[in-house]
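Please keep the picture open while you read.

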Amino acid sequence: MRRVPLSLLFLIAVLVLFVTPWIGIERIPLSALGDPASLDAKIFWQLRVPRVLLAWCAGATFGICGMVFQALFRNPLAEPSLLGVSSGAALGAATVIRIGLGATVVGAFAIPMGAFLGAVMAVAVVCGLARLTRGTGDAALLLGGVAISSLFSSLIMIFQYTGGAVETYHLLSWTMGGIRVTGMGEGLRALPSLVVALGLGFAFAPELDLITCGDEIARTRGVRLEAVRNVLFAGTSLSVAIVVANCGPIAFIGLMAPHIARIAIGVSHRRLALGTTLVGGTILLLCDTLARTILAPADLPVGILISFLGAPFFLWLLFKRRSA
């Protein structure tokens, strides 16, 4: 199959980044940006541009973390939400909302903080599980992640069932996953997680190439498997936690982006790290733009749209593996 130049993916990503802020229910003329006090300029710089930046950084982070997980577990179906990180973050946010802090003036800070702490708890549980299942294979850890995710999801359902109408609606809206920001500061919240995830992907690209070939080959080439896996797993999981704390749990980006990039540019992880970053950011940004315009003025949570696209993609991968 003919490969796509990495420069083409870069140009597509840049084009999408520049075009999407201009798409919306209200048409913003270019001349309006010259007046910072105008309503159009405030909509553009305080709402649309920060939302575009957060969506792109979040999608890119999910994508690169999905690539790392698929290499670590040598499983093309692995992705961040599969290991319970997203569910742990959602449980942390649900706890904050359930005790009533979500509706207060500190809710804007308490919900992301609760989500982050919940994700850290999930990372700690899964890391502990990794030590307990040492020697039983990566499949046991994946299944353990699924069980932890189910446990956290059941606790969230209890909060939804026992909460009041306002709390239940707020909780349901957050757990659907969505990009909601006001101001440039909020738009850049996911940038540190992207820098960490992409840095790890680049730094450990040679090790990831060897790990995908098998543990024995990696060891004979001098890879310290346990140390590399601990660093990558902890770093990428915390990167996902930061994004989920700000956007809610958004599944399937970490599954789709690495596969699309792998088909387009190949399997070398140094190139794949960049390609997955570009593809993941572009996918989530396009889906979020569609989500905020398809039912305008209503704002559809982008997690719903991503799940609608990701579920058939997951099934396609499943049947492709079976036929192979």
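At what angle do helix H8 and helix H13 pack? Helix H8 (residues 191-203) and helix H13 (residues 269-293) pack at an angle of about 155 degrees, and their axes are 8 Å apart. That makes H8 roughly antiparallel to H13, because angles over 145 degrees count as roughly antiparallel, those under 35 as roughly parallel, those from 65 to 115 as roughly perpendicular, and the rest as oblique. Axes here are lines fitted to C-alpha atoms, for helices over the stretch in contact, and angles run from 0 to 180 degrees between N-to-C directions. Helices are DSSP runs of H or I with at least four residues, numbered from the N terminus.

Before going on, note that this is a predicted model, where local features need pLDDT of at least 70 and side-chain atom pairs count only at pLDDT 80 or more, while totals for chains, interfaces and linings use all residues. Residues are numbered from 1 along each chain as its sequence is written, and side-chain values use heavy atoms, with hydrogens and water left out.

Which residues bring H8 and H13 together? Leu-194, Leu-198, Gly-201 and Phe-202 in H8 meet Arg-270, Ala-273, Leu-274 and Thr-277 in H13; contact means heavy atoms within 4.5 Å.

Stay with helix H13 to find Asp-288. Asp-288 is buried, with a relative accessible area of 1%; buried means under 20%, exposed over 50% and partly exposed in between, with a 1.4 Å probe and protein chains only. Leaving aside residues up to four places away in sequence, Asp-288 touches Arg-51, Ala-55, Ile-179 and Val-302.

Now look at another pair of helices. Helix H2 (residues 39-73) and H12 pack at an angle of about 75 degrees, with their axes 7 Å apart. H2 and H12 are therefore roughly perpendicular to each other. On the H2 side, the contact includes Gly-59, Phe-62 and Gly-63, and on the H12 side Ile-253, Gly-254 and Leu-255 are among the residues involved.

Phe-252 sits in the loop between helix H11 (225-247) and helix H12 (253-265). Although Phe-252 is not a glycine, its phi is positive, about 80 degrees. Is Phe-252 buried or exposed? Phe-252 is buried, with a relative accessible area of 16%.

Compare that with Phe-18, which has its place in helix H1 (residues 6-19). Phe-18 is exposed, with a relative accessible area of 62%.

Terms used: Helix = DSSP H or I, 4+ residues; strand = E, 2+ residues; numbered from the N terminus.
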